[in-house]
Amino acid sequence: METTASAAAHRRAGRLRRMAISATATLIMLLVTIYLGISTYAASVVTLPQRDAIVSTPADFGARFDEVRFPARGGDVEIAGWYLPQPETSRAVILVHGKDSSRSTEFQGRFSEFAAQLHKRGFAVVMIDLRGHGASGDARFSFGLAERRDILGAVDWLITQGFRPGSIGVLGVSMGAASAIGATAEEPAIGALVADCSYADIRPLMERHWKTASGLPDIFLPSTLFMGRFVLGMDLTTAQPVREIDDIAPRPVLIIHGDADAFTPVEHGRALAAAAPEAEYWEVPGAGHARSYEVDPQRYVERVAGFFAQHLGR
């Protein structure tokens, strides 16, 4: 009887173990499913750009402009822009805003003012809305990996307007600067580049701002980046302007960064300057993120306009 009872107890214990193992496996699978589900949702949501309303146009500052639209290089999205023609010049500058901004709202709503100042100094100007921003076609942002094609589309459009390779400059701000670095590295028709407050490598910036941007703990960042590869079809962590900027040489580059930038710390600007030793580096005292123009508009215009006047169309 004892043997029978012992065997029955052993069988019951075995069933309980199997039930416990099955329940544990089910719980783990449920938690993994929830974890990946949240990560997929986060990858979908945090890569959606914000669309800003127009706050000013170049006409508000005395510069005539035309509405233009053209395809990004590759034709995957249509880009909206303003073109400030300058019949007496052979030099053009493309202005590129940052993430969650636009051709109107960059520089705290003073991008049109800045464009008008460049126009008065003899440059034709194209102000674009990056994909997913402003009035351009729908798209998720990719920290410059895809957005560079928007800039290249503007270069292609300017060439159809008669501008020659080497006479086209680009100024980008924040993500627009990172996009401009990639575009300039790929396209020899761009004669000169100004990169204002670009990140050197997106990964540390993601880690720095992940909780604020997503509302999720850090444990969700690796899985969100992994699922983002399926959502976007690309690895966002490969957005590393510091690995591309030296490919622009010997064409001239001006790197601008505020020493009070709390969003993209000044170390990013210094890293870009170290990676491109032939570039000019201007560190603006007291300037926060994308606020170097705001600190001293006149000096900013003189520095940028002088740089493009010296180097475009050589």
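**Note on the sheet and its helix packing**

1. The contact, meaning heavy atoms within 4.5 Å, is made by Phe 114, Gln 117 and Leu 118 of α3 together with Tyr 300, Val 301, Val 304 and Ala 305 of α10. By class these residues are six nonpolar, one polar and no charged, where Ala, Val, Leu, Ile, Met, Phe, Trp, Tyr, Cys and Pro count as nonpolar, Asp, Glu, Lys and Arg as charged, and the others, Gly among them, as polar.

2. The model is predicted, so that local features need pLDDT of at least 70 and side-chain atom pairs count only at pLDDT 80 or more, while totals for chains, interfaces and linings use all residues. Residues are numbered from 1 along each chain as its sequence is written, and side-chain values use heavy atoms, with hydrogens and water left out.

3. Eight strands form an open sheet of mixed pairing, in the order β1-β2-β4-β3-β5-β6-β7-β8; helices (H or I, at least four residues) and strands (E, at least two) are DSSP runs numbered from the N terminus, and two strands pair if DSSP finds at least two bridges between them. At the edges are β1 (66-71) and β8 (280-284), each of which pairs on one side only. From one strand to the next the twist averages 20°.

4. Strands β3 (residues 92-96) and β4 (residues 124-128) run parallel and are joined by five bridges, with Ala 92 standing opposite Ala 124 in β4. Five bridges also pair β7 with β8 in the parallel sense, and Gly 258 has Val 284 of β8 as its bridge partner.

5. Helix α10 (residues 297-311) lies across β3, β5 (168-173), β6 (190-196), β7 (253-258) and β8, and runs at about 160° to β6.

6. Helix α4 (residues 148-160) packs against helix α5 (residues 175-186) at an angle of about 60°, with the axes 8 Å apart. Arg 148, Ile 151 and Leu 152 of α4 make this contact with Gly 176, Ser 179, Ala 180, Gly 182, Ala 183 and Glu 186 of α5, and by class the contact has four nonpolar, three polar and two charged residues.

Notes
Axes are lines fitted to C-alpha atoms, for helices over the stretch in contact, and angles run from 0 to 180 degrees between N-to-C directions.
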